[in-house]
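Thank you all for coming.

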Amino acid sequence: MAAVQETVEQVRAIDVDAYKYGFVTEIESEKAPKGLNEDIVRFISAKKSEPAWLTEWRLEAYRRWLTMTEPTWARVDYPKIAYDDLYYYSAPKNAPGPKSLDEVDPELLRTYEKLGIPLREQEVLAGVEPKNRVAVDAVFDSVSVATTFKAELAKAGVIFCPISEAVHSHPELVKKYLGSVVPQSDNFFATLNSAVFSDGSFVYIPPGVRCPMELSTYFRINEKNTGQFERTLIIADKGSYVSYLEGCTAPKRDENQLHAAVVELIALEDAEIKYSTVQNWYPGDSEGKGGIYNFVTKRGDCRGARSKISWTQVETGSAITWKYPSCILRGEGSSGEFYSIAISNGRQQVDSGTKMIHLGRNTTSRIISKGISAGHSQNTYRGQVSAHRKATGARNFTNCDSLLIGDKCGAHTVPYIEANNASAVFEHEATTSKISEDQLFYCMQRGLSGEEATALIVNGFVRDVLQHLPMEFAVEAQKLIAISLEGSVG
Amino acid sequence: MGAHPREITKAEHDLAAMFARTEATEVARDAFALFSTMGLPHRRVEAWHYTDLRAKLGDIAPLAKAPSAELVGQVASELDAASVSAARIVFVDGRFVAGASRLSALPAGVRVGESDAVPVWPEVARDEPTIALNAAFAPSATVIEIAAGADVVAPIEIYSYVTAAAQTYARILVRVGAGVRATIVETHDGEGAGAHQKNSALIFEIGDDARVEHIARHVDESAEATHVASFAATLGARAQLDSFALVAGGALTRRQLYVRFDGDHARVGLRGAALLRGNQHCDTTLVVDHAALDCESRERFKHIVEDEATGVYQGKVIVRPGAQKTDGAMKSDAILLSESARMHNKPELEIFADDVVCGHGATVGALDDEQLFYLRARGLPKAEAETLLLEAFAGEVIEAVRDETMQEALRADAQAWLSERHS
């Protein structure tokens with residue numbers, strides 16, 4: 001059990017409060033004035049020298065947002081957010097447009113080093129090609145600070161750049177696809193995002209291309225009192241494939257910070273997008289002070305026949321999570337997948353799940369969700385599976401299991417299963433239980449400590465999901481799970 | 001952005017006008033005031049997500065009149081032929097009618113009375129507008145007391161008979177004493193009554209160690225009937241409740257069940273089958289609240305849906321903090337027999353204790369082609385093969401009914417429905 005021992009030791013080394021990415025980077029930043037109004041929206045747009053159509057698009061969203069009310073149906077409870085008391089734009093000074101990494105503020109590079117994110121492209125050493133290369137787009141508060149491996153990706157025809165850059169370099173693609181999956185007026189948080197979105201990644205994979213490496217974006221909130229509103233847009237053209245990873249961290253702060261992102265995926269005929277997230281925003285301290293409000297709209301559109309979108313998420317951070325990565329299965333024979341591990345500890349509240357909307361014929365979807373609640377946390381799975389009248393032959397399998405550690409936490413399951421035609425076949429199963437005494441006893445009798453035994457059993461519980469993560473992420477996620485559950489065992 | 005003032009629908013307006021003309025008791029006035037703050041439930045009300053009562057109740061039928069002596073006599077003689085049980089408590093157009101009942105056949109220790117003081121909300125079902133409406137319009141509640149130690153061998157039948165296309169409200173409270181064993185059958189009959197609107201509430205208070213079986217038959221309802229049936233029960237320690245419902249009649253049937261464990265080591269089984277065709281809409285919504293230690297609940301529902309019909313199942317199992325050793329299992333299965341049949345499932349778990357075993361499952365699909373093929377390969381015609389499979393599907397829940405006479409009767413109901421499919 002060397003691996004388990006290692007995990008447990010790592011956990012111990014991190015001391016009481018386990019969040020290890022809680023440091024602050026001292027860097028000068030440039031902010032928009034506090035609050036939100038049309039001028040701020042124009043300011044953000046101007047900062048990014050956006051074309052007029054986009055400024056207008058943002059303003060339209062902003063005006064719409066003013067008429068909307070914050071949703072209250074989720075099982076989360078938080079004090080009212082003062083939207084006027086936030087900074088909607090913050091950027092490290094001199095950051096926009098460094099020509100190469102040498103121009104990037106060394107403080108920033110150190111930050112990413114500390115986070116374990118390689119921003120320097122690995123050199124090819126003595127003819128040995130490094131095996132698992134990952135191209136990274138690093139987003140710091142409101143701007144993208146660096147994108148790696150751009151040149152090599154360009155050779156394959158892959159466009160991977162900050163969305164603010166794509167607006168200028170590929171306006172036709174942005175204009176065509178932006179808001180086509182998550183419309184401006186989709187929901188309260190998505191509409192706010194449409195008005196003030198800062199940066200995020202843009203990916204386009206041309207027809208028939210298998211993206212030569214994993215793409216990833218690393219989000220970091222650094223500045224105080226700022227909201228982060230990134231927007232990611234990924235388009236996989238006919239017959240292409242891309243695997244995309246997303247990671248997030250934030251400093252420990254006493255106040256809550258808002259993160260309202262929008263992710264749009266578009267898969268055309270025969271294309272496949274695999275989207276993996278390890279979400280580790282600061283969850284707040286054990287008393288529930290501070291932490292990120294993670295209110296995210298993620299949706300994929302399987303537009304073409306036989307296309308496929310797969311969401312994998314490991315959710316360990318954030319004080320409050322409100323997130324439902326979904327698939328619209330429009331193309332005939334398209335398929336959607338959702339694999340999720342949601343862990344809550346301390347005072348965290350998670351309300352997460354997915355939607356599988358079957359519109360096309362012979363569409364299939366699969367949902368595997370594993371929720372683990374510990375401490376005083378509340379963990380809700382909320383999911384919808386629906387088959388349209390014309391979605392003949394639709395098929396879904398859902399499995400959502402919850403594990404409870406301790407008697408002060410809650411685990412809830414709220415599935416909506418809607419079949420509107422007879423040839424739809426839906427299966428749903430869910431279980432809730434605690435770690436069985438027998439399993440613990442078995443492991444401990446063989447020499448594992450209580451914590452090790454729990455970590456081992458939990459890793460077994462989530463294995464179905466972990467195996468869908470890219471390799472590097474799986475290792476990372478496994479460690480994260482152990483850390484998140486630290487202190488939850490008797 | 002404050003709450004918008006609620007728009008009053010025509011139906012709500014009519015209800016208010018009708019209520020103003022009744023001689024309301026204090027409870028009824030409170031109840032109507034509570035209803036008025038909520039209004040008729042609609043899609044945005046989570047518990048009514050798939051059944052938009054506000055939209056479906058366009059016109060409100062007039063309130064039913066008290067039955068004439070002539071009508072009572074007619075019903076009594078009709079029931080002597082149809083009723084399943086010797087001991088029966090009869091309601092005609094929502095009102096308890098001693099003259100049509102057979103109270104003399106009730107076993108010793110069972111008493112039937114009336115009360116104006118039954119509170120608006122049953123212990124376990126608060127803030128449900130249709131229950132407030134029931135309390136507002138039910139002239140008074142009928143109270144059935146089964147004293148501790150009473151020996152109730154044969155089923156007691158609560159027979160609810162509707163004769164006109166009117167609104168009827170019945171409110172029945174059953175107090176079951178400690179250690180009692182009883183079977184209560186609830187029969188709804190409204191054939192020929194046209195588009196009547198029924199709102200019934202059956203409230204059980206089940207004492208320690210009592211064992212109750214409840215069977216509801218919604219088979220002979222009028223094809224145009226709207227029926228909101230509320231069922232609420234609290235259970236004492238070691239008590240046991242099994243409730244089964246068969247829905248085959250009615251245009252819109254909403255069954256809402258609320259059960260709470262108040263004592264430890266109790267058990268509940270809620271089961272049902274709905275056989276739907278035409279434009280029928282049947283919604284079963286239930287909440288089982290585990291508030292005590294070591295209780296067990298089983299929820300098992302089957303839907304067979306044909307034509308343009310819609311089945312809805314919403315089940316919620318709550319495990320309160322401290323309700324350790326809870327064992328809960330919920331399952332809803334549906335077979336859709338036509339292109340436009342619909343089924344909506346929402347099986348919910350809400351769990352605040354860790355030492356529990358809870359699970360739920362839901363399936364929706366067409367008849368299994370392989371099973372059909374198997375039977376047809378053995379020489380059964382298609383229609384017969386289908387009937388056999390559907391019978392087995394519904395039979396799985398019907399066989400849980402302990403009272404053998406009732407089990408037979410329910411099987412016969414299901415068979416009758418199935419035989420109409422191919423006629």
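Predicted model: local features only at pLDDT ≥ 70, side-chain atom pairs only at ≥ 80, totals over all residues.

Which residues touch the most other members of the largest nonpolar core? Among the 255 residues in that core, they are A:Val203, A:Ile273, B:Val90, B:Ala136 and B:Ile172. The core also draws at least three residues from each of domain 1 (63-370) and domain 2 (371-423) of chain B. As background for those of you who are new to this, nonpolar side chains in soluble globular proteins tend to be buried together.

The model scores ipTM 0.84 and pTM 0.87, and for chain B the mean pLDDT is 93, with 98% of its residues reaching 70 or more.

Let me stay for a moment with A:Val203. If we leave out residues up to four places away in sequence, A:Val203 touches A:Ile159, A:Phe160, A:Leu215, A:Ile234, A:Ile235, A:Val242 and A:Tyr244.

Now to chain A as a whole. Chain A has 12 helices and 24 strands, and of its 490 residues, 55% are buried. When we take the contacts in chain A between residues at least 6 apart in sequence, 83% of them join residues that are at least 24 apart.

A:Ser194 counts as buried because 27 other C-beta atoms lie within 10 Å, where 20 or more is the cut-off. Leaving aside neighbours within four places in sequence, A:Ser194 is in contact with A:Arg58, A:Ala61, A:Gly179 and A:Gln184. The C-alpha atoms of A:Ser194 and A:Tyr62 are separated by 7.6 Å, although these two residues are 132 residues apart along the chain.

Next, two residues whose backbone angles are worth a look. Most residues other than glycine have a negative phi. A:Ser318, however, has a positive phi, near 75°, and it lies in the loop between strand E14 (308-315) and strand E15 (320-323) of chain A. In chain B, the phi of B:Asp93 is also positive, near 50°, and B:Asp93 sits in the loop between strand E1 (87-92) and strand E2 (95-96) of that chain. Is A:Ser318 buried or exposed? A:Ser318 is buried, with 30 other C-beta atoms within 10 Å, and B:Asp93 counts as buried with 26 C-beta neighbours inside 10 Å.

Let us turn to the two domains of chain B, which the domain assignment gives as domain 1 (63-370) and domain 2 (371-423). Their centres, taken over C-alpha atoms, are separated by 24 Å. The contact between them takes 24 residues from domain 1 and 23 residues from domain 2. On the domain 1 side, strands E7, E9, E11, E13 and E15 and helix H6 of chain B each supply at least two residues, and E13(B) gives the most, with 5 residues. That side divides into 13 nonpolar, 3 polar and 8 charged residues.

Finally, how do the two chains meet? Here 31 residues of chain B are in contact with 30 residues of chain A. On the chain B side, the elements giving two or more residues are strand E18 (342-351) and strand E19 (357-365), and E18(B) gives the most, with 10 residues. The residues of that side divide into 16 nonpolar, 8 polar and 7 charged.

Note on methods
Residues numbered from 1 in each chain as written. Chains lettered and ligands numbered in written order. Contact = placed C-beta atoms within 7 Å. Helix = DSSP H or I, 4+ residues; strand = E, 2+ residues; numbered from the N terminus. Nonpolar A, V, L, I, M, F, W, Y, C, P; charged D, E, K, R; others polar. Core = buried A, V, L, I, M, F, W, Y, C linked by C-beta atoms within 7 Å. Buried ≥ 20, exposed ≤ 12 C-beta atoms within 10 Å, placed from the backbone. Domains from an automatic or database assignment. pLDDT = per-residue confidence, 0-100.
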